[in-house]
Amino acid sequence: MSSRRTRSRQQTGSSRITDDQINDLVSKLQALLPEAHIRSGDRVSAARVLQETCNYIRSLHREVDDLSERLSELLSTTDMSSAQAAIIRSLLM
Amino acid sequence: MELEKNKLDSNKARDLNDSRTVIERGRRIKIAAEIGLVASSKGRQWSRALHRRLLRKKGRDYSNKNGCNNYQMMNNVGKEDHEEGGDEVVEIERRVRVLQSLVPGGEAMEMESLFEETADYIEALEGQVSAMRALATFLDGLEKKWIM
């Protein structure tokens, strides 16, 4: 069995990419995932890392949505002086 | 006169808390967060793609019913697969397509730049979440009079 299969990636538009390249890229992605998802000591399949990456991005999207909601509610209930509002504005700009 | 003023104030307070207003403000906060994302990583493909998406949104109404509709998965994933290396390749290709749908502008990216862009996009999102959490904690503290 050959250990260097090349595959063409027509869907993603790139030309031939090797196993090694995939593994290299995937291990870089793996390094980004929070510890809880995949321990970086483990050898995990490329498919698994991709799956966890997608799950992680989705959870970050959800967090942005939830925080947006929460911030909106906080802004509606908080009594704020104009001085306080000015401070917040200066933090965000 | 006093009574009038109090009535106006309570109307205003009610409007601020009106659920439609809260939802609409939430959407605008989300858009502001995305603008923040774009501003934080200008050199990136995903950043430009997200910028274009925001400009298109601006052309329409702000009140997208489904603010997350850009985050939907492609629904024809996995149908036409080239069986070149067997199941493993098919599986990886499928997941790459899902990843492409999650990263702004991902569909136009080749594998190597897709992964690089993904890494940067994740970091930017994490930073955005941190900032929003900090702000939420701060506002919470204001309300509970811990600070100021």
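Which residue's side chain meets that of B:Arg95 in a salt bridge, and at what N to O distance?

Modeller: The model is predicted, so local features are described only at pLDDT of at least 70 and side-chain atom pairs only at pLDDT 80 or more, while totals for chains, interfaces and linings use all residues. Residues are numbered from 1 along each chain as its sequence is written, chains are lettered from A and ligands numbered from 1 in the order in which they are written, and side-chain values use heavy atoms, without hydrogens or water.

The partner is B:Glu91, whose side chain meets that of B:Arg95 at 2.5 Å, N to O, where a salt bridge requires a side-chain nitrogen of Lys or Arg within 4 Å of a carboxyl oxygen of Asp or Glu. Both residues belong to helix α4 of chain B, and because they are 4 residues apart, about one helical turn separates them. An α-helix has 3.6 residues a turn, so residues three or four places apart point the same way. B:Arg95 is buried at 16% relative accessibility, whereas B:Glu91, at 24%, is partly exposed; buried means under 20% relative accessible area, exposed over 50%, and partly exposed in between, with a 1.4 Å probe and protein chains only. Elsewhere in chain B, salt bridges that share partners join B:Arg44, B:Glu116, B:Glu117 and B:Asp120 into one network.

The helix that carries the pair, α4 (residues 87-102) of chain B, has 16 residues and reaches 23 Å from its first C-alpha to its last, close to the expected 22 Å; that expectation is 1.5 Å times one less than the number of residues, and helices here are DSSP runs of H or I of at least four residues, numbered from the N terminus. The helix is mostly covered, with 12 of its 16 residues buried, among them B:Val89, B:Val90, B:Ile92 and B:Glu93 as well as B:Arg95 itself.

The buried residues of α2(B) include the charged B:Glu24, B:Arg25, B:Lys30 and B:Glu34, along with B:Val22, B:Ile29 and B:Leu37.

B:Arg44 is partly exposed at 24% relative accessibility, while B:Asp120 is buried at 19%.

Over all chains, a search of the whole structure finds 11 salt bridges. One of them is formed by the side chains of B:Asp140 and A:Arg70, at 3.8 Å, N to O. B:Asp140 lies in helix α5 (residues 111-143) of chain B and A:Arg70 in helix α2 of chain A, so this pair joins two chains. Here B:Asp140 is buried at 17% relative accessibility, and A:Arg70 is partly exposed, with a relative accessible area of 35%.
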